[in-house]
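Please look through the sequence and the model first.

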Amino acid sequence: MAERSESEEVKLLGMWASPFSRRIEIALTLKGVSYEFSEEDITNKSSLLLQLNPVYKMIPVLVHNGKPISESLVILEYIDETWRDNPILPQDPYEKAMARFWAKFVDEQIYVTAMKVVGKIGEERDAVVEATRDLLMFLEKELVGKDFFGGRSLGFVDIVATLVAFWLMRTEEIVGVKVVPVEKFPEIHRWVKNLLGNDVIKKCIPPEDEHLQYIRARSCVLSLGFV
Amino acid sequence: MATEDVKLIGSWASVFVMRAKIALHLKSISYEFLQETFGSKSELLLKSNPVHKKMPVLIHADKPVCESNIIVQYIDEAWNSSGPSILPSHPYDRAIARFWAAYIDDQWFISLRSILTAQGEEEKKASIAQVEERTELLEKAFNDCSKGKPFFNGDHIGYLDIALGSFLGWWRVVELDANHKFLDETKTPSLAKWAERFCDDPAVKPIMPEITKLAEFARKLFPKPQA
């Protein structure tokens, strides 16, 4: 990793099992940015976190030269604009707008809907699974003819949609429902394989065994490990 | 750019449509406004925004862009050589603007709307208190972002001014309905003055809907139950 210059202090307050935290690590690693990672206990938030993100009191928070930035999509755009190597967002304004659209869709539609599976059984759960699949079908169509949402290489939407690949899809065992079956979503499955072929992704996603253990423990309490 | 090249699907009463209009006016872009009929969705809207089926949709050279804040950024980037910059120039200031714009939509607007949909006095009081709290945060955000200048964006209106300012008509309607003033010289001195300046801006004045018309429309959208 490059030597950190004295004027460049990058710190990330995050949590190892959070998709929102991991996506920041992916972006920083893709760009070769050195950073100090500070693991937060989300059940006992540090005074630093509360001070740096008083509005939401949540991770991730990126601190660059003492200045904090919160909200993962905002942080990702900041990273892309500050460190220009290996761009994450497309240059073309229309393509950029589409990338922002799909990223918002993943966080505000897919994530929110999929979370509703928690604590539901029978018909209610089936309805949520169906609703999640309907939303995922939009992503499925976006991937046709592409290795990644970003085209030939990883981009903004891929980084954000790791939430689908390594959180939603990892919880299938635990929920006991194949939310994303390969017969219905061949493109998404192909995309996940492509992601797993990428060194930065492999390095930055939570290790599978520990992650599954964590999700199992959390699903007994409340969430599906989405944090 | 020819008029036929730019279309905006929307409605005169929509806050989100207004954001797109202000951005287009700031950049002096000619466009065709396609007014949606209340209570139904046009073929063009459904075709241009199949994911959300919502307005506004900007159609530029036949390519649709959806989501108001994404449209505003697109307008800024696609017409970056004309008119003033809508987003601030420094990445950190852009991050702060994006953070607060997202807060306005995800938190502040939700509580404002809940005043209109509140069932009974208790619920209404609770929603009012929440809006008060959240508006206080925005007052502070204004002071931090403006750094003594007239707008969130500095000398001229920008992204965050547009994000919040587009609500001013509806905000007044809610104040009248709830019989409660949120924007005033004692509680929110900076925002109260900013609101006047924003409404007077040449890009805003011609398109800000009349309060009486909005109030009438609100009664249609949020009918009061018969006593």
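In what order do the elements of chain A run from the N terminus on? They run β-α-β-α-β-β-α-α-α-α-α-α-α-α, where helices (H or I, at least four residues) and strands (E, at least two) are DSSP runs numbered from the N terminus. The radius of gyration of chain A is 17 Å, close to the 17 Å of the globule rule for 227 residues, so chain A is as compact as a globular protein of that length. That radius is taken over C-alpha atoms, and the rule is 2.2 Å times the number of residues to the power 0.38.

This is a predicted model, in which local features need pLDDT of at least 70, side-chain atom pairs count only at pLDDT 80 or more, and totals for chains, interfaces and linings use all residues. Residues are numbered from 1 along each chain as its sequence is written, chains are lettered from A and ligands numbered from 1 in the order in which they are written, and side-chain values use heavy atoms, with hydrogens and water left out.

**Chain A as a whole**
- Chain A holds 10 helices and 4 strands.
- Its C-alpha atoms fill a box of roughly 55 × 45 × 30 Å along the principal axes.
- Of the 227 residues in chain A, 53% are buried (under 20% relative accessible area with a 1.4 Å probe, counting protein chains only; exposed is over 50%, and partly exposed is in between).
- Among contacts in chain A with a separation of 6 or more, 70% are between residues 24 or more positions apart; contact means heavy atoms within 4.5 Å.
- Chain A carries 28 positive and 35 negative side chains, and the centres of the two sets lie 2 Å apart.
- In such counts Lys and Arg are positive and Asp and Glu negative, while His and the chain ends are left out; the place of a charge is NZ of Lys, CZ of Arg, CG of Asp or CD of Glu.

**An annotated region of chain A**
- An unreviewed UniProt entry lists residues 8-87 of chain A as "domain: GST N-terminal"; such annotations may be inferred rather than shown by experiment.
- Over residues 8-87, chain A is 36% helix and 21% strand, with the end C-alpha atoms 19 Å apart.

- Helix α3 (residues 72-82) of chain A is mostly covered, with 9 of its 11 residues buried.
- The buried residues of α3(A) include Val74(A), Leu76(A), Glu77(A) and Tyr78(A).
- Their cover includes α1, β3, β4, α4 and α6 of chain A, together with α4 of chain B.
- Arg100(A) lies in helix α4 of chain A and counts as buried because its relative accessibility is 5%.
- Beyond its neighbours within four places in sequence, Arg100(A) is in contact with Glu77(A) and Phe156(A), and with Ile70(B), Gln73(B), Glu77(B) and Arg98(B).

**Chain B**
- Chain B has 9 helices and 4 strands, in the order β-α-β-α-β-β-α-α-α-α-α-α-α from the N terminus on.
- The C-alpha atoms of chain B fill a box of roughly 50 × 45 × 30 Å along the principal axes.
- Buried residues make up 53% of the 227 residues of chain B.
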